[in-house]
Amino acid sequence: MAEGIKDKVAIIGMGCTKFGERWEAGVEDLIVEAFMEALEDAGIEKKDLGAAWFGSCYDEIGSGKTAMPLSLTLKLPFLPVTRVENYCATGTEALRGAVYAVASGAYDICLALGAEKLKDTGFGGLPEFAGQLGTKNRLILPTLSAPGGFAMMATRYFSKYGLSPEEGKEILAMISAKSHQNGSKNPKAHLRREISVDQVMKAPMVAWPLGLFDCCGVSDGAAAAIVCRADMAKSFRPDPVYVKSMQIAVSSGEEMMYTDWDASHVQSATVCAARAYEEAGIKNPREEISMMEVHDCFSITELVAYEDLRISERGKAGNDVRDGFFNLDGRIPCQPDGGLKCFGHPIGASGLRMMYEMYKQLQGKAGERQIADPRLGLTHNMGGFPSMNLISMAIVGL
Amino acid sequence: MEGIVSYGGYIPRLRIDRKLIYQAVGWLNPATFMKGEKAVANFDEDSLTMGVAAGIECLKGVDRAGVDALYFACTTPPYAERQNAEIAATALDLKSRIRSADFTGTLKAGTTALLSALDAVKAGTMNSVLVCSADQRMGKPGSAQEEIFGDGAAAILMGSENVTAQFLGSFSVSYDFSDHWRSSGSIFDRQWEDRFIRDVGYTKFVVEVLQGLAIECGISADQITKVIYPCLYAADFKKIARTLKISDQQIVEPLLGQIGFTGTPDPFIHLAMALDQSKPGDRIAVVGFGAGADAVLFEVTENIEKSRGSRRSVGHYLENKRQLDGYEKMISFRNLLPMEKGIRGESIPPTAMSALWRNRDQVLGLYGSQCRACGTPQFPAQRICVKPNCGAVDQMVPYRFSDKKGTLFTFTGDYLAFCTNPPSIYGVVDFEGGGRYQFDLTDVELENVKVSMPLEMSFRKKYLDERAGIHGYFWKAVPAMS
């Protein structure tokens, strides 16, 4: 009988670079920055590592393929290093590899590091998808972009719940404005300017109905975690953070090709959340979760995540947004570090960046963003489009 | 009895008011002024896609498995090698055991293809031959041809059963008459002096073939109900009628002011329009002009009403139009104006020809699969059924989506993804009878796109890889025409 991952593994060190348009930094610089901070934070040496997991998504414009970019850059001593890629959930996937390896008993201490150098494309937004989806898909998929893929969920959400584009956009704008407020308090965030709801509403259209400020930053960055056996964690530090659950759910294809899915929720997220809560022993997430970092690549993604994660009722997340439920001083602060929206979204690093904020908050080291007495933090990291995707979740606590 | 079994026209939705052309480039030669408007292929249309659209119209209510050959008549085919007719045949879901050929090199290629089809049917070699004809000819900016040429297509199915217009006879002449020409590799038509074309071309050959046709068929001009012939010069168009003693009622007025001169498909489009309005017993003569001329005579049979069925008339396409709001858009759609595509727009992943071959039915023919166990249609074709709780393995039969109607489940208008005519509009289509997939939307404006709007599928150009010389085709969703 599977026992799950709860309380078997602890995070004892984390690092995260400043995210942003790091024109001066190559992927190697980002890797070293995140790694050195994590190593120092954990108080261990390189030789203490048993194995490592390296996450990068756009290898063709960033690090290149395989695990070698990590090992060569950090001069790892012939360690077993695995490279993982799961689109925008790559960072959480690297962490999951390291956590599972420790939980299996194969290693005592492992490293997970995600890094992405996105700003070498020459244009805004993510690289073109057409070339990344295989030889057949490029013959049949529309010429779509990430904002377009998620915009279709907004269109459907508005339609299903009878919201006019203006009403719908206003809810989404409040989500973005909240994240900008949080991001302005974060020295490592990419975008640090507060914006008003009105500004969001009036921003240039990117993919109808999503405007510029409904979209997250496209950034360079890296983040790292060092994990170890739970029973040895306190020997490294007094405040290790324990993994309560790690789950991933990958689309079966029914959303895109069968006609049941309503496109105003993410099916894999509902499945992933149910598994994650069960693994962590959480009965009522709205009451038990202290704070969240959800995958807010676009404002609509965050809105729908509130419902998929059973924090808000279906179709009612807008009410919670209006009530400030997810604000930094609200009941469940969401995106306390600014989220993908403002911290930025270097694909392979994002899942680990989310965890970095939960880790710092739990340790009471989040500076002016510090949330009062958090107990359980949740990360929700999504790769792909609403119609076909994978959702990776982690729940951590003291 | 041999003759026309079915027919269909296709006129692209966009029109340009010739005043816009004249305002932009009329300064070069004020004599190019022409009234009216002309049909313009959308940025994702070309001769091949329009030919397929006409073929779809023509094959409505026809058993596609019964078609023995596809002839594609066109002077502007996208491919010089890689047979255009065969791409069309796959798109039209004709069986692989057919004969396919491109007829090209002259504007009479359509009527010549039709006569070749007829010969095969008469000889008993084939029962049913589809002739698709289309053109998208280009005049240089500022030329009279730019004002005159319009885009369009028409298709005619020739056969020996259920004939709606019986073949009565034909007469052809062939001359190396260089009224206009275009050398290999050139995109623009060049022509000799108008007076020469008028006096030595139209007024001689059109008269010659129609007189020859009358003698061949043993009838006089007054026994013909409608006469279709081209002449780009209005005064001489009437002069030809006078010479042949054709009355105003017998003339089929050219659609020059509505769609322009469409080239190879022009006689077919007018023939389709005449057939739309015909009654049993009508005799229709049609002339294909170019490098000489072909004249063909048909007599409409009792089957005409029944054959119209659910097919859209040419008149329907004439009414379903939208004005293009600028000359520059027209020439940028044709790649005549080098527009900024941005780095994103320039990145075209290579086409794997072997993958296209493997998936040709899905890509060119929009075939998915249907699960025998649960009946669920799915696109693209699957090995394992996608329906939750079914999951049957290898129980699939091919399922054609190209002729299924659908509704728009959700959509966006994307200003980030590259599109020749931004925004890139795409969405998720739920098909009648089951099946769902995401498709580009075309022939729509974002402000008119609504969730749940009815859609149908249209064969379109998906991309042009200029470096590799590849025209990539797939299907897009368009608003369903009533």
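**Entry 1: Chain A as a whole**

I start with a rule: a residue is buried if 20 or more other C-beta atoms, placed from the backbone, lie within 10 Å of its own, exposed if 12 or fewer do, and partly exposed in between. By that rule, buried residues make up 62% of the 398 residues in chain A.

A reminder to myself: this is a predicted model, in which local features need pLDDT of at least 70 and side-chain atom pairs count only at pLDDT 80 or more, while totals for chains, interfaces and linings use all residues. Residues are numbered from 1 along each chain as its sequence is written, and chains are lettered from A and ligands numbered from 1 in the order in which they are written.

I looked up the size next. The C-alpha atoms of chain A fill a box of roughly 60 × 45 × 45 Å along the principal axes.

I found 14 helices and eleven strands in chain A (DSSP runs numbered from the N terminus: H or I of at least four residues for helices, E of at least two for strands).

**Entry 2: Two helices that meet**

Which helix packs with helix 3 of chain A? I found helix 14 (residues 347–362), whose axis is 5 Å from that of helix 3 (residues 90–103), at an angle of about 65°. Axes are lines fitted to C-alpha atoms, for helices over the stretch in contact, and angles run from 0 to 180 degrees between N-to-C directions.

Among the residues that meet are A:Thr90 and A:Leu95 from helix 3, and A:Ile347 and A:Met355 from helix 14 (contact: C-beta atoms, placed from the backbone, within 7 Å).

**Entry 3: Where the chains touch**

I looked at the contact between the chains, which takes 34 residues from chain A and 44 residues from chain B. On the chain A side, helix 5 gives the largest share, seven residues.

**Entry 4: A sheet in chain B**

I traced an open sheet of three strands in chain B, with the order 16-15-17 and antiparallel pairing. Strands 16 (377–378) and 17 (396–400) each have a single partner strand, so one side of each is left without a neighbour in the sheet.

Strand 15 (residues 367–371) pairs with strand 16 over two bridges (strands pair if DSSP finds at least two bridges between them). Here B:Ser369 stands opposite B:Gln378.

How values were computed. Two residues are in contact if their C-beta atoms, placed from the backbone, lie within 7 Å.
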